[in-house]
Amino acid sequence: MRASLRGRDELTARVQQALVLLTKKEAEFIVDAVIGSLEATLLNNLGTDGFYVKLGSFGKFSVRHRPGILRKIPFTGETILTKDRRKIRFISLGSLRQQEKVSNRIRNSKG
């Protein structure tokens, strides 16, 4: 749940500036409340396949249920069914997604 210390400090400073808060502690409290609320919402809806939380042009968190698959174990030749899985996925949107595409083109042109 914790971001890197440097990134979290920058986020806190931006929240403090945007909301014109007097102390850094107030901004940290707001950041913690938002992250905690997001986490609680996702945990409450883990059982709902296809549930998502869209955050404006920032991104979308979605819950997907994936059924188990049949796998053959090479050593014994036995075929087993793997466990069902739940995945929480983040999809970036807006300007974050655009920057992601640019960085991929730069990386591909260098290699």
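A quick definition before you click on anything: helices here are DSSP runs of H or I, at least four residues long, numbered from the N terminus. Keep in mind that you're looking at a predicted model.

Today's theme is charge. Side chains of opposite charge can pair when their charged atoms come close. This structure has four salt bridges, and we'll visit some of them.

**Stop one: E28 and K25.** Select both and show their side chains. They meet in a salt bridge, 3.8 Å from N to O. Where do they sit? Both are in helix α2, and because they are three residues apart there, about one helical turn separates them.

**Stop two: R14 and E10.** Hop over to helix α1, which holds both of these residues, four apart, or about one turn of the helix. Is R14 buried or exposed? R14 is exposed, with 55% relative accessibility. E10, at 46%, counts as partly exposed.

**Stop three: K24 and D9.** Which residue does K24 form a salt bridge with? Select D9 to see the partner; the closest N and O atoms are 3.8 Å apart. This pair links distant parts of the chain: K24 is in helix α2 (residues 24–44) and D9 is in helix α1 (residues 5–18), 15 residues apart. K24 is partly exposed, with a relative accessible area of 40%, and D9 is partly exposed too, at 31%.

Note on methods: Residues are numbered from 1 along each chain as its sequence is written. This is a predicted model: local features need pLDDT of at least 70, side-chain atom pairs count only at pLDDT 80 or more; totals for chains, interfaces and linings use all residues. Side-chain values use heavy atoms; hydrogens and water are left out. A salt bridge is a side-chain nitrogen of Lys or Arg within 4 Å of a carboxyl oxygen of Asp or Glu. Helices (H or I, at least four residues) and strands (E, at least two) are DSSP runs, numbered from the N terminus. Buried means under 20% relative accessible area, exposed over 50%, partly exposed in between (1.4 Å probe, protein chains only).
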